[in-house]
Amino acid sequence: MKNVGVTKKYYFIPGHRWKLSFAELVNFFYNSRVEFNVITANYLFFLVEVSSDGWIENIDLGGIRKFGRILGNTDHPSKLVELVNGYLQSVVVSKIRFGVSIYSIRKNTRSSYRMKENLEGHIKSSLEEHNIKASYVGHLNQLETSTVVYDKKIRNKGFELAVLLDKGDCYLAECLWVHNYKKNRNFEYRRPAFDKRSGMLPVKLSKIMVNLAQSGNIQTIWDPFCGSGTILMVAVDNGYNVIGSDDSLQAINDTKDNIHWIIEKGYLGKRWEDKTSTRDTLEKYVLIQKANVNEMKSVYNEFGNVIRENIAIVFEPYLGPIVKRPLNDRRYKEVSTKVFNILNTALNKIYYIARRRKKSISSLCFVVPIYKTMKGYQSPSFKVMLRKFQGIGFGYPNAVKRLSTFTDETDITWYDKNSLIRRKIIVLHRKAVT
Ligand SMILES: C[S@@+](CC[C@H](N)C(=O)[O-])C[C@H]1O[C@@H](n2cnc3c(N)ncnc32)[C@H](O)[C@@H]1O
């Protein structure tokens with residue numbers, strides 16, 4: 001592994017599809033031009049050494065639930081107390097709340113609970129010996145306190161320590177950031193418009209996809225199947241110019257309503273700070289129009305000059321009718337042919353725009369549906385189309401390739417255990433064009 005200059009180590013707790021989270025995080029580091037080295041990555045946590053910490057204030061990833069700084073490591077859990085004692089010397093208030101989370105890939109839950117209780121007891125009594133009134137948060141049956149950390153704002157009024165147990169190493173860490181799960185919930189359930197019929201992409205996945213599409217200097221996100229606009233809401237929140245198109249007028253109206261709601265609620269990313277927040281001005285950066293994917297070239301030609309370059313196309317295409325049971329051969333053929341034709345048309349249009357205007361499209365991140373059928377999971381193949389994109393300089397980003405160091409497959413898929421449709425995520429970045 002390569003050597004990274006002066007380093008600090010950080011831990012990251014991924015969401016439930018850790019390979020997607022890993023690719024998102026690594027792409028963030030590549031794109032922020034931060035030197036880094038992944039020490040370990042598994043379904044519970046990632047350990048990364050990083051050469052600087054300027055990235056901390058810019059990080060906002062859909063697939064990371066929590067991150068923090070490693071304070072030290074030992075070869076045996078019994079020595080953790082020494083590390084904890086070292087940390088407690090920095091606590092100089094009279095009253096404090098704290099939490100302890102344990103992440104163990106050894107899966108010995110009973111000993112993890114014991115370790116958590118012991119550490120909490122030790123921290124409380126050590127602080128009280130120094131006349132610091134300390135109370136711990138969390139539920140007895142919970143090894144992880146991140147939601148409590150967020151709700152009770154421990155980060156502002158106390159601390160949260162994490163213990164990470166890898167194969168031979170025990171790490172003690174201090175939490176620096178917890179994801180804003182309430183905001184994701186607001187985006188999902190409080191927005192004015194929903195499209196229950198054609199489905200909504202989860203907000204976290206939309207965020208992961210927008211982040212995976214990051215490559216060079218992306219200014220604009222275009223979703224050509226925008227539905228009720230989940231991807232575009234996330235993109236506006238992250239400060240991008242956005243373009244939404246969809247074949248359905250209802251979808252266009254829903255997307256407009258949702259984006260206006262975002263703007264009115266003031267959910268505007270840092271990149272928008274230099275732009276005034278009046279509705280009229282913002283509308284300059286938001287283009288939503290009804291168009292079938294057949295018409296993508298004319299949509300592109302109508303863009304203003306500002307957003308004709310460095311576009312990332314991020315989308316979930318039409319996924320077929322709602323399915324209630326695994327598909328039989330005939331039904332799978334019907335559904336997948338229709339889905340294939342629409343997605344292939346979109347990819348062809350994108351290909352022609354990208355081939356003619358070398359600086360127009362910098363990246364693509366899209367969903368390919370995988371259906372549960374009587375014969376197992378199956379999905380339409382886009383190999384031929386992907387080869388065409390490779391012919392004009394697109395390829396899988398390093399962030400996706402890096403997964404192969406830690407797991408034997410580099411496919412990144414989002415799914416719930418019992419869902420009949422899984423979402424395979426395809427990411428293509430274009431090599432820098434000068
Ligand atoms: C699965 S939904 C996208 C959902 C969206 N990601 C969201 O979270 O709201 C697919 C969308 O594709 C649109 N669509 C279907 N066929 C289309 C076509 N040929 N051209 C453009 N849009 C199409 C549908 O109207 C629908 O809104």
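Predicted model: local features only at pLDDT ≥ 70, side-chain atom pairs only at ≥ 80, totals over all residues.
Most residues other than glycine have a negative phi. N131 is located in the loop between α3 and β6. With 7 C-beta neighbours inside 10 Å, N131 is classed as exposed.

The chain as a whole is assigned two domains, domain 1 (8–59 + 64–178) and domain 2 (182–430). The centres of domain 1 and domain 2, taken over C-alpha atoms, are separated by 33 Å. Contact between them involves 13 residues of domain 1 and 17 residues of domain 2. On the side of domain 1 that touches domain 2, the largest share comes from α1, which supplies 10 residues.

An open sheet of eight strands is present, with mixed pairing and the order β2-β3-β1-β4-β8-β7-β5-β6. Its edges are formed by β2 (36–41) and β6 (133–136), each of which pairs on one side only. On average, and with direction ignored, neighbouring strands of this sheet are turned by 30 degrees against each other.

Within this sheet, β1 (residues 8–14) and β4 (residues 64–74) are paired in the antiparallel sense over five bridges. F12 has F67 of β4 as its bridge partner. Helix α1 (residues 18–31) packs on the sheet and touches β1, β2, β3 (46–50) and β4. The direction of α1 makes about 140 degrees with that of β1. Helix α3 (residues 109–129) likewise packs on the sheet, where its contacts are with β5 (95–104), β6 and β7 (158–165). Between the directions of α3 and β5 the angle is about 155 degrees.

Strand β8 (residues 170–178) takes part in two of the pairings described here. With β4, β8 runs antiparallel and is joined by eight bridges; G72 stands opposite L172 of β8. With β7, the pairing is also antiparallel and extends over five bridges, and L161 has E174 of β8 as its bridge partner. The strands β7 and β8 form a hairpin, with four residues between them. Seven of the nine residues of β8 are buried, and the strand is thus mostly covered.

Helix α3 also meets another helix, α2 (residues 80–88). The axes of α2 and α3 come within 11 Å and cross at roughly 35 degrees, and the crossing is right-handed. On the α2 side the contact is made by V81, V84, N85 and L88, and on the α3 side by L119, H122, I123, S126 and L127. In an α-helix, residues three or four places apart point the same way, because there are 3.6 residues a turn.

The largest nonpolar core comprises 120 residues. Those with the most contacts inside this core are Y11, F12, M209, I221, I231, V314 and C365. Both domain 1 (8–59 + 64–178) and domain 2 (182–430) give residues to the core, which therefore lies between them. One of the residues with the most contacts, C365, touches M209, L212, A213, A312, V314, I425 and V427, when residues up to four places away in sequence are not counted.

Another of these core residues, I231, is among the buried residues of α8. Helix α8 (residues 230–237) is mostly covered, with eight of its eight residues buried. These are T230, I231, L232, M233, V234, A235, V236 and D237. Just after α8, G239 adopts a positive phi of about 85 degrees.

Terms used:
Residues numbered from 1 in each chain as written. Pairing = 2+ DSSP bridges. Axes fitted to C-alpha atoms, helices over the stretch in contact; angles between N-to-C directions. Contact = placed C-beta atoms within 7 Å. Buried ≥ 20, exposed ≤ 12 C-beta atoms within 10 Å, placed from the backbone. Core = buried A, V, L, I, M, F, W, Y, C linked by C-beta atoms within 7 Å. Domains from an automatic or database assignment. Left-handed = near helix turned anticlockwise from the far one by under 90°.
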